[in-house]
Amino acid sequence: MVGRRMRWIAAAAVMMATTACGGGSSTQRVDLHGAGASFPFPLYDRWFKDYSAAHATVRVDYQSVGSGAGITQFTNHTVDFGASDAAMTDEEIAKVDRGVQLVPMTAGSIVLAYNLPALTAPLRLSRRAYTGIFLGTIKKWNDAAIAAANPGVKLPALDITVVHRADSSGTTFVFTQHLSAISPEWKAGPGTSKDPNWPVGVGSKGNEGVTSTIQQTPGALGYVEYGYAKQSNLPMAALENHSGAFVEASTASGQAALAAAQLPENLRLFIPDPDGEDSYPIVTYTWLLLYQHYDNAATSAALKDVVRYALSDGQQVSESMGYIPLPPSVVAADLAALDRVQ
C-alpha cells in the first residue's frame, strides 16, 4: 500500500514538473514584465488590463520608467519587453544578443500644454515663438512673438515657466528632433537627444510628472503626449506647421501627419516636420521592443498573443484615449514582424 502511494506521488511530481516546464497545460500562469516609455502608458495599461481580464492565465506588468530606462532594462535582459518613443538605433540593437524586433504599436501627438487661468481665448504659438520659449529667449507670455499670432488676445505679463522631462525620454527625443528640424539655433545648441542640456526650465519625471507640474504652476508651458493633456483638461496651443497653418492636435491632424511618410521595412520612422496643411507638426509612432528569440516558449507565445490583441481589438480604444489608431498597412507590417519572434 505504501509502495503504491509512493509511486503515485512520484508520478504526480513528474506530471507537475512537466507542466511547469511548458508541457502544454492550458492553465499555466505566465507573467510578462515590461518597462519603458511613459508616452503610451495610459493606453498600454488599458490594453494589458483588458487582456488579462479576458485571459486569467496571463498577467502583464508594465512600468512607466521612460524610454531611456526601458531600452537599458531591455538591453540588460531584466524585462520580457521594452517600450520606447525613440526607436532603437542600429548601435543599440547590436548590443542585444537575442536580436531585436521593433513593433510600432500606436502613434500620438506631442502638445504644448499650458496653465494660464486668465486666458479665455485659444492660444496659438508660431514656430519662432515656441522655439524661443524653450531656448529661453522668450520669457514673458506677452512677448511680441507670442502676441503676433494672437491678435486681440490679452496676454498676461507673466513669466513663462518651461516644464521639461527630468529623465531620459523618448518624448523628449521626438520633441527635440522637431525643434532641431525647424530651428538652426536649437540644432546647433541642445540638439536632438533623449536627455538634452536644457537652456531653461524645471524638470519633472515622465509625462505624468510634466502634466502634474503644469497643472500646479500658473504660467507654465510644457510638452506632453496629447492623451495626458486631454485627460487632465489642460489647454493646448495650436502650433504652426510646415505649411504655416496653425493646427490643433486631433486624430485627423495626427493621421494627416502620418500619411506624409511611408513606414520603411525596418518599421523605424520619424517625421520631424511633416508636410501638409492639415498636419499637426509633432507626431510620432511609439514602439514595443521584443526579442527575436525567447528562452521560454510560453513567454514568447503569450507575449505575441498580447501584441496581436493590441493590434486588433486594442486599436478600437486608441482614439478615445488620445492616441492615433494605426493605419491598416502598419498593422499588417507589425503582424508580419511578429513571425520573426520565436
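Me: In which sense do strand 3 and strand 11 pair, and over how many bridges?
Reply: In this predicted model, strand 3 covers residues 81-84 and strand 11 covers residues 283-291. The pairing of strand 3 with strand 11 is antiparallel, over four bridges.

Me: Over how many bridges do strand 4 and strand 11 pair?
Reply: Strand 4 spans residues 100-114. P104 stands opposite W287 of strand 11. Strand 4 runs antiparallel to strand 11, and the number of bridges that join them is nine.

Me: How many of the residues of strand 11 are buried?
Reply: On one side of strand 11 point V283, Y285, W287, L289 and Y291, and on the other T284, T286, L288 and L290; all are buried. A residue counts as buried under 20% relative accessible area. Strand 11 is thus mostly covered, and its buried residues number nine of nine.

Me: Why is strand 1 described as largely enclosed by the rest of the structure?
Reply: Strand 1 consists of residues 30-36, seven in number.

Me: Which residue of strand 3 stands opposite G34?
Reply: Strand 1 also pairs with strand 3, in the parallel sense and over three bridges. In strand 3, the residue opposite G34 is F81.

Me: What is the strand order of the open sheet of three strands with mixed pairing?
Reply: The edge strands are strand 5 (124-125) and strand 10 (246-247), each of which pairs on one side only. Strand 5 pairs in the parallel sense with strand 9, residues 238-240, over two bridges. The order is 5-9-10.

Me: Which residue of strand 9 is the bridge partner of L125?
Reply: Beyond its neighbours within four places in sequence, L125 is in contact with residues that include L112, Y130, I133, A237, A238, E240 and F246. Another of these contacts, L239, lies in strand 9. The bridge partner of L125 is L239.

Me: Which residues touch the most other members of the largest nonpolar core?
Reply: In soluble globular proteins, nonpolar side chains tend to be buried together. Here the largest nonpolar core holds 104 residues, and strand 4 gives the most to this core, with 10 residues. L125 and I146, which are in contact with one another, both belong to the group asked for. The residues that touch the most other members are L125, F134, I146 and L290.

Me: Is S279 buried or exposed?
Reply: S279 is found in the loop between helix 11 (251-258) and strand 11. Its contacts, not counting residues up to four places away in sequence, are N241, V247, S253, A256, A257 and P274. Because its relative accessibility is 2%, S279 counts as buried.

Me: Which residue's backbone oxygen does the side chain of S279 reach?
Reply: A256 is one of the residues that S279 touches. The side chain of S279 comes to 3.3 Å from a backbone oxygen, that of A256.

Me: What percentage of the residues in the chain is buried?
Reply: The chain has 13 helices and 11 strands. The chain exposes about 15000 Å², of which carbon and sulfur atoms supply 53%. Of the 342 residues in the chain, the buried share is 53%.

Definitions and conventions. Residues numbered from 1 in each chain as written. Predicted model: local features only at pLDDT ≥ 70, side-chain atom pairs only at ≥ 80, totals over all residues. Heavy atoms only, no water. Pairing = 2+ DSSP bridges. Core = buried A, V, L, I, M, F, W, Y, C linked by side-chain atoms within 4.5 Å. Buried < 20%, exposed > 50% of the residue type's maximum accessible area, 1.4 Å probe, protein only. Contact = heavy atoms within 4.5 Å. Polar contact = N/O pair within 3.5 Å; in protein donor to acceptor, adjacent residues only side chain to side chain. Areas by Shrake-Rupley, 256 points an atom, 1.4 Å probe, with all protein chains shown as cover.
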